[in-house]
Amino acid sequence: VLEREAGGVRRVELAPSYDHASSLGRELSDAERIARLGGRDGRRTVAGYARRTRSALYRTAADARPLSPVLAFAEAALRSPRAARVWLDRIDGLCQAALSTIVARVPAERMSEPARAFALALMDENRSALRASPGVTQ
């Protein structure tokens with residue numbers, strides 16, 4: 001969250017975020033990705049992976065554990081619902097076909113087919129979770 005004050009007017013905006021390689025399951029093996037995509041074990045699913053991810057953001061300086069990316073967004077949305085709506089509109093503007101096109105641009109030697117499928121499924125899972133975030137008006 002970026003907080004700025006200019007001319008006595010306080011603005012709160014959601015900051016862009018970068019470097020999401022690890023958030024797309026980069027550390028998983030293809031066998032693990034395939035198992036999670038199959039979803040036979042309720043704990044080893046794409047949704048389960050998404051729920052356990054952590055951001056580098058903490059609710060307070062005293063917290064021992066960082067927030068999940070979705071909870072970090074929810075915290076920001078509570079502070080600035082309008083900014084959250086703008087970000088969700090941008091996310092909604094990226095249809096699955098557009099995301100597939102972006103992921104397809106990654107060279108095959110950098111990203112296997114299971115990695116592509118997992119990344120797309122994870123982005124879809126996170127998009128759904130963000131839409132359902134507390135403080136976000138539909």
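Two strands count as paired when DSSP finds at least two bridges between them. By that rule, β1 and β2 of this predicted model are a pair, because they share five bridges. Welcome to a protein with six helices and two strands, whose elements run β-β-α-α-α-α-α-α from the N terminus on. The points below go from the overall picture to the hairpin, then to a pocket and a few individual residues.

**Overall picture**

- Along the principal axes, the C-alpha atoms of the protein fill a box of roughly 55 × 35 × 30 Å.
- The protein has 138 residues, and 30% of them are buried.

**Confidence**

- The mean pLDDT of the protein is 85, and 91% of the residues reach 70 or more.
- Among the elements, helix α1 (residues 30-38) has the highest mean pLDDT, at 95, whereas β2 has the lowest, at 80.

**The β1-β2 hairpin**

- Strand β1 covers residues 2-6 and strand β2 covers residues 9-13; the two run antiparallel to each other.
- Two residues sit between the strands of this hairpin, and G7 in the turn has a positive phi of about 60 degrees.

- Helix α4 provides the largest share of the lining, with five residues.
- Sorted by class, the lining of the second largest pocket has six charged, five nonpolar and one polar residue.

**S55, in a loop**

- S55 belongs to the loop that links α2 (46-52) and α3 (69-79).
- The relative accessibility of S55 is 18%, so this serine counts as buried, the cut-off being under 20%.
- The side chain of S55 reaches the backbone nitrogen of L57 at 2.9 Å.

**R51, in helix α2**

- R51 is part of helix α2.
- With a relative accessible area of 53%, R51 is exposed, because the cut-off for that class is over 50%.
- R51 and P69 are 18 residues apart in sequence, and their C-alpha atoms are 9.1 Å apart in space.

**V103, in helix α5**

- V103 is found in helix α5, which covers residues 96-104.
- The relative accessibility of V103 is 9%, so this valine counts as buried.
- V103 and A117 are 14 residues apart in sequence, with 9.1 Å between their C-alpha atoms.

Note on methods
Residues are numbered from 1 along each chain as its sequence is written. Side-chain values use heavy atoms; hydrogens and water are left out. Helices (H or I, at least four residues) and strands (E, at least two) are DSSP runs, numbered from the N terminus. Ala, Val, Leu, Ile, Met, Phe, Trp, Tyr, Cys and Pro count as nonpolar, Asp, Glu, Lys and Arg as charged, and the others, Gly among them, as polar. pLDDT is the predictor's confidence in each residue, from 0 to 100. Buried means under 20% relative accessible area, exposed over 50%, partly exposed in between (1.4 Å probe, protein chains only). A polar contact is a pair of N or O atoms within 3.5 Å; within protein, one must be able to donate a hydrogen and the other to accept it, and residues adjacent in sequence count only if both atoms are side-chain atoms.
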